[in-house]
Amino acid sequence: MATALSTFGTKHVCRGVGRLTDYVLVKGEGSYISTDCGRKFLDFTSGIGVVNLSHCHPKVTKAAQDQCATLVHGQVNLGFNKPYLGLIEKLLPVMPHETLDTFFFWNSGAEAVEASIKLARMATGKQNIIVVQGSYHGRTFGTMAMTKSKTVYGQGFGPLMPGVFTASFPYWHQMGVPQSTNVDDLVVKALYELELLLKQQSAGADTACIIIEPVLGEGGYIPAPKGYLEGLRKICDANNMLLIIDEVQSGFGRTGKYFAIEHYPTVRPDVMVMAKGIANGFPLSGIVANKALFDKQAPGSMGGTYAGNAVSCAAGIACAEIMQEDKILENVEARSKQLLDMLEEVKTQKSTAGLIAEVRGLGLMIGIEFNSPTSPYTPQVNGKQTPIKISSRVQAKCLEKDVMILTTSVFETIRFIPPLTISEAEMKIGCDVIRWAIEEVAREG
C-alpha cells in the first residue's frame, strides 16, 4: 500500500538502491518492524544481520543517548575518545586468537574490508589479492572488484581495481557437480585449483592475502568446510600471505559463537574484519590484527572523519555487555535448533519432498537452497517439472503473512537472519509462516 511518503521516496531516492518493498519503516521494537501504513512485520532479516540484539534494545539506546549528551564527535586524528578505547577493552577478551590485539575502527563493512587490504599490502609489500567465488565484500570501488557473488554489484562501473584473483570455493552448485558430491572431494579440488592459481596467475611472491567469509553471505549462507579453511591457512603460511577473515555478517554471535572463525579453532586469522552486529545499527566497523602488522603503517596512513564515532562505540560497549549478561549465545543455540528442525521436516515431508536441495548454516545464519529447473541435475523432481523462482515466491508469501525474509545468491536460496534475542514463541510464528509458504509454492507447482 503506497503512502504519500513512499511515493516521495520512489521519486527522489536513487534508482540504484534496490529494495525488498516500498514500505516506509517507522518503528523497530524487539523482533518487529512497523511501517507508516500500519503493517507490522516479524523481522527475519535483522536489517541484513545488523540489529542482532533486536530493534532499539533499551540498553543500547540508553548508551547512545547518554553519549550524545557527552561527546558526539571525538575525531580519531585529533586524539583518543573514551568510548573507542572502552570498546577495545570489551572486545579484547573475546578475540578468537591472542595475536589479535590492535584495532582500527571505521564506519561500514566495505570500508573495513578496504582497511584490511591497505594493511595487507603495506605489511607484506605485495599487491595482489585472492578472493573466493561467491564472496561478498562490499560495493565501494575496491570491494566491488573483490565481490564475486553477483555481477550486479559491479556491472557498468569498470574498469575495477586490478590485482584481484578468484579462487574456487568448495560448494557443489558453484563447482557444477551433484549436491551429493562428498565435501572432502570438493575441498581437495578447490585447494588444488588454488595451488594452480598461485602457479599460473598470481605468484605467492606477488600476493598479499587471501580474504574469505567463514560463512559465505551473499553467496548463499554456506559455511566453509573445516578442511578448506585449514588448507588456506597452510597455503598462506607457505607463501608469506596474510589470511583475512571477513566477519562482517557472521560476527557477534550470529553463528552461535562470538565469531564464526571459532568454529574452526585450528585456523588463525592474521586480520579479522568486523561490522554489522558490532553496534546493533549504529554505523561502526573495524579490523583487528597483531600490533606488529599495524606498526608497519606510517602515522597518518589510516583515519577518517567519522572513524570510530563516539556514539557508535558507546553503543558497541553496550552490545558487548548484553552479549555477556543476557546469555545471548544460549538463546541462539536453542532457536537455531527450533528453526533447523522445522526446515528439515519440511525438506522430507511428502507434500514438499524434492523441493529443498539443502538446509545449511550455523547458529541463526541459516539458508535453504531449493532445487531449480535451470540446474542440469534437478530439471525434474519426483517425475514433475521443478517449479520456477521458488525462493522469491516463498519470500512473497511470507510477506503476505507479515514475516520479512530475504533471498540470497544467484541460486534459489533463502536466508534466515532473525534477531539473536528472538523468543521461542516468535520463532514458532515465523516457522509456521515459512512452512506454510513453502507448502503453498509446492502445491502451486
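## Ground rules

This is a predicted model, so to speak of local features takes pLDDT of at least 70, side-chain atom pairs count only at pLDDT 80 or more, and totals for chains, interfaces and linings use all residues. Numbering starts from 1 along each chain as its sequence is written, and side-chain values use heavy atoms, with hydrogens and water left out.

## The seven-stranded sheet

Helices (H or I, at least four residues) and strands (E, at least two) are DSSP runs, numbered from the N terminus; two strands pair if DSSP finds at least two bridges between them. By that count, 7 strands make an open sheet in the order β4-β12-β11-β10-β7-β5-β6, with mixed pairing. β4 and β6 (164–167) sit at the edges, each pairing on one side only, and the twist averages 20 degrees from one strand to the next.

Within the sheet, β7 (residues 207–212) and β10 (residues 242–246) run parallel and share 4 bridges; isoleucine 212 has isoleucine 245 in β10 as its bridge partner. Helix α7 (residues 183–200) packs on this sheet, touching β5 (128–132), β6 and β7, at about 150 degrees to β6. Helix α8 (residues 226–238) lies across β5, β7 and β10 and runs at about 165 degrees to β7. Contact here means heavy atoms within 4.5 Å; axes are lines fitted to C-alpha atoms, for helices over the stretch in contact, and angles run from 0 to 180 degrees between N-to-C directions.

## The four-stranded sheet

The other sheet is open and antiparallel, with 4 strands in the order β13-β14-β19-β18. Its edge strands are β13 (356–362) and β18 (406–408), each pairing on one side only. Neighbouring strands are turned by 25 degrees against each other on average, direction ignored. Helix α11 (residues 328–348) packs on the sheet, touching β13, β14 (365–370) and β19, with its direction at about 170 degrees to that of β13.

β18 pairs with β19 (residues 413–416) over 3 bridges, and threonine 408 stands opposite threonine 413 in β19.

## A mostly covered helix

Of the 11 residues in helix α12 (residues 390–400), 8 are buried (under 20% relative accessible area; exposed is over 50%, partly exposed in between, with a 1.4 Å probe and protein chains only). Among them are Ile390, Arg393, Lys397 and Cys398. The buried residues pack against β3 (40–43), β14, β17 (403–404), β18, β19 and α13 (424–444). After α12 comes aspartate 402, with a positive phi near 65 degrees.

On a 1 Å grid over the protein atoms alone, a cavity is a set of points where a 1.4 Å probe fits but cannot get out, and a pocket is an open set with protein on both sides within 12 Å along at least five of seven lines; lining residues have an atom within 4 Å of a point. Grid points are joined across faces, edges and corners, and a volume is the space filled by probe spheres set on the points.

The second largest pocket has a volume of about 600 Å³. Its lining has 22 residues, with Val76, Tyr84, Phe103, Phe104 and Met302 nearest the centre. There is 1 cavity of 30 Å³ or more, and the largest cavity has a volume of about 70 Å³. α10 (310–325) and α4 each give two or more residues to the cavity lining, and α10 gives the most, with 4 residues.

## Cysteines

How many disulfides turn up? A search of the whole structure finds 0, a disulfide being a pair of cysteine sulfur atoms within 2.5 Å. For cysteine 68, the nearest cysteine sulfur, that of cysteine 313, is 13 Å away. For cysteine 398, the nearest is that of cysteine 431, 11 Å away. Cysteine 398 is buried at 0% relative accessibility.
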